[in-house]
Amino acid sequence: MTWLVWRQHRNQAYIAAAALALFAVVMLITGRQMASQYHSALISCAATHTCSDLATTLNLGSPVLFLLINLTLLVPCLLGVFWGGPLVARELETGTAQFAWTQSISRSRWLAIKVGWAMLAAAAWGGAVSALVTWWSSPVNALQHQNFRAGQFDVQGIVPVSYALFAVALGIAAGAVLRRTVPALATTIGVFVALRVVIASYVRPHYMTAVTKTYRLAFAHPMPSIPGSYWQVSRGIVGPGGQAASSAAHSGVGVSINGTLVTLPPACNSLLSQDPPKIFSCLAAHGYRAFITYQPANRYWAFQGIEAGIFALLAAALVAVSVIVVLRRDA
Amino acid sequence: MMASSDPAVIQTRALSKRYRTVAALTDCTITVPEGRISALIGPNGAGKTTLLRLLAGLARPTGGDIAVLGTAPRPDPAFLAGIGFLAQEIPLYRRMSAADHIRIGAHLNARWDGTSVRQRLEGLGIPLGQAVGTLSGGQRAQLALALTLAKRPRLLLLDEPVAALDPLARRQFLAHLAEAAAGGGLTVLLSSHLLSDLERICDHLVLLAGSRVQLCGDVDALLAEHQILVGPRKDTTAIERDHTLVHAVRTPRQTTLLIRRNGPVIDPAFETADVSLEELVLGYMGQHADGPSPAHLSAIGGDQ
Amino acid sequence: MISFRLDGRSVVPTYLQIVQQVRQALRMGVLDVGDKLPTVREVVAATAVNPNTVLKAYRELERDGLVEPRAGHGTFVVGRPSGPPPGTHSRLARSLAQWVRSAREAGLDDESIESLLRITLRAAAEEETA
């Protein structure tokens, strides 16, 4: 049976292997260049004590490379469309399922081996691409501290493997239910994109309760220092009673701080025409404080794990659906 | 070789299959004894494909019982090893070669005679290395039959295998099939909507029309049980009382009756004639086409 | 070795066509005692008829004492069909010709004669079986 799976899909496997090899060559060459560029920049900045500005002065990579990295977001979807969707649907559509199902092999074994290899291949390809991207990105991650950004979080670490498993399982299930290849492909793309967007935008921020830090308003140091690639959920100013400072409880003159419109208490109104630092100290004196809500950097792998777990569970559920549909339904 | 005591390879009782609101097969009771080459005849949409798929375990019945080779059809290796199934569209992997298919069969079947397929294809001049999608319809059908036979099945289920073939390919296909059956131990059920395709090769008949079984039995016995009566136009109630009227054609002057007889026909006004297989089949199909058939006219299930 | 031409459309049952063709071949000297008949497999591979049909024909020939199956070797001719004694044919042909003449004189055409002959043959057969 494994031989049949290989014979059926070897051309796809060759193409995917060639694409992966090409991608690996690009990543390895440019990744090494970038790593050495970052290293020498670190050495020279240490000599001149300008390393704190390195994030703004050093330009790593190129727009084309970052576009390529962003395109790896599509890898799980492509695997779902080209490997998952046709896996069962094409056999039902062309009738070859009837050929296979009347050989001396049970339908469950047939499905298990096909699905097993497809999932394994998806995990391998998704993992290989992710590993290359993660390695390539390490200087960028170290420089920019933006590991939680969607364009980075979603293409690095272990989540791409889980996305790939989910996309392939989705394709298989859509094919088993719809029994036609093209509608299965369309369904795979639609559901995959929709679910990814919903989870990344609305579910991911709440995997763990965010940490909130309040701090004294001061013009010179608007922000406390938070180590590493933390993920900022929100920031702003709270009034003396802890209420949101932007509430239009009483009309007055406002000033925008850190993107929050703060209505000045009457006592500070007179300072409006004067230096901004004085407004800050006036606000601080009247009990106004700044806050930042964020996910600390050390939660990165917990978030990767939770998101990977969610998609792995969804993939398992879809495989179960495929098994039930294939075994229960008439050929 | 043929005896009524041959064990039944296929036995169904009150078998039914509904697809949502459509009845594909209704109250189907048939028996096919071992060693027969049975023709499953019926107009398009009569339920032939449904019956074959139920027998192969590819579909599940909604009512009644099936025993194929002594067990209920089920998708497990032990059952599947005993049957060979060839679907109407002759589904093979179009991009793969005959040699690839032989290898697939070797991987998927514990009992597999790949050499027989190679020999057969070489004998027919069918290339082993060429993609199956580029072969002619007749070559594909021959390949599919050879692959199905390589399992050494005890029961072969073929769905309209010759419908799309030209006369020469049709003859070669049936000769291949007959040769396999001559080896012994093989029972065949093959469907067609054209009796003429199967007349020579079949010694057993299952006639379906309107999702119901109209006739089932050994061809010789069925022919002996039926008779054509040709006579003047007259009251035929006496004949209808003694025998089972299958089909009647009445003109102002003449009456032609197809009857299933119970004993000899004694009516000097009627000339009797033996019935041909074609007349028999057309008679039962015509009966069905004329309107809903009374249950007692069904030749199945002990109507005597 | 002989080959069979089998006509599925003929009113003569297929197995009987095989029997008749073997008998004919024996009368004509195409087959002789000791010759081997084609195997069932060979016959069906060439003609696409049911193997049981060929078996039935061979059994009928065996019952008539014309052929004999030898296990593992095939079916061999062991006898010749017993015909009527010489002269029978011509004697009967003469009286039949006389009858045909009188039927023509009575106004029967060939078709009516054939029909009458068929009916008489069937009646005689039924008398025998009765």
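The centres of domain 1 and domain 2 of chain B, taken over C-alpha atoms, are 34 Å apart in this predicted model. The domain assignment places residues 8-210 of chain B in domain 1 and residues 221-297 in domain 2. Contact between the two involves nine residues of domain 1 of chain B and seven residues of domain 2 of chain B. Together the two domains of chain B bury about 700 Å², and carbon and sulfur atoms account for 88% of that area. On the domain 1 side, B:L195, B:L205 and B:L207 lose the most area to domain 2 of chain B, and these three make up 57% of what that side buries.

Polar terms are absent from this boundary under the rules applied. Strand β9 of chain B, residues 204-209, gives the most to the domain 1 side that touches domain 2 of chain B, with three residues. By class, that side of domain 1 of chain B holds six nonpolar, two polar and one charged residues.

Two residues of chain B call for a look at the backbone. B:S211 is not a glycine, yet its phi is positive, at about 70°. B:S211 sits in the loop between β9 and β10 of chain B, where β10 covers residues 212-218. The other case is B:L69, again not a glycine, with a positive phi of about 55°. The loop that holds B:L69 runs between β5 (63-68) and α2 (77-80) of chain B.

Chain A is also divided into two domains. Where they meet, 11 residues of domain 1 of chain A are in contact with seven residues of domain 2 of chain A. The area buried between these domains of chain A is about 840 Å², with 58% of it from carbon and sulfur atoms. A:H145, A:F148 and A:A297 supply 56% of the area that domain 1 of chain A buries against domain 2 of chain A, more than any other three residues.

What is the count of salt bridges between domain 1 of chain A and domain 2 of chain A? The count is zero. The rule does find three residue pairs in polar contact across this interface of chain A, with both residues of each pair at pLDDT 80 or more. The side of domain 1 of chain A that touches domain 2 of chain A divides into five nonpolar, four polar and two charged residues.

The next boundary lies between chains. The size of an interface is often given as the accessible area lost when the parts come together. For chain A and chain B, the buried area is about 2500 Å², and carbon and sulfur atoms give 57% of it. In chain A, the residues that lose the most area to chain B are A:W3, A:F99 and A:S104, which together give 28% of what that side buries. In terms of contacts, 24 residues of chain A are in contact with 32 residues of chain B.

Two salt bridges are counted between chain A and chain B. In a salt bridge between these chains, the side chains of B:K17 and A:D330 meet at 2.5 Å, N to O. There are also 11 residue pairs in polar contact between chain A and chain B, both residues being at pLDDT 80 or more. On the side of chain A that touches chain B, α1 (2-48), α4 (75-94), α5 (96-101) and α12 (300-328) each supply at least two residues. The largest share of that side, five residues, comes from α5 of chain A. By class, the side of chain A that touches chain B has nine nonpolar, nine polar and six charged residues.

The confidence values complete the picture. The predictor gives the complex an ipTM of 0.84 and a pTM of 0.82. The mean pLDDT of chain A is 86, and 91% of its residues score at least 70. Among the elements of chain A, strand β3 (residues 254-257) has the lowest mean pLDDT, 68, whereas helix α8 (residues 159-178) has the highest, 96. Chain C has a mean pLDDT of 85, with 95% of its residues at 70 or more.

Key: Residues numbered from 1 in each chain as written. Chains lettered and ligands numbered in written order. Heavy atoms only, no water. Contact = heavy atoms within 4.5 Å. Buried area = accessible area lost by both parts, 1.4 Å probe. Salt bridge = Lys/Arg side-chain N within 4 Å of Asp/Glu carboxyl O. Polar contact = N/O pair within 3.5 Å; in protein donor to acceptor, adjacent residues only side chain to side chain. Helix = DSSP H or I, 4+ residues; strand = E, 2+ residues; numbered from the N terminus. Nonpolar A, V, L, I, M, F, W, Y, C, P; charged D, E, K, R; others polar. pLDDT = per-residue confidence, 0-100. Domains from an automatic or database assignment.
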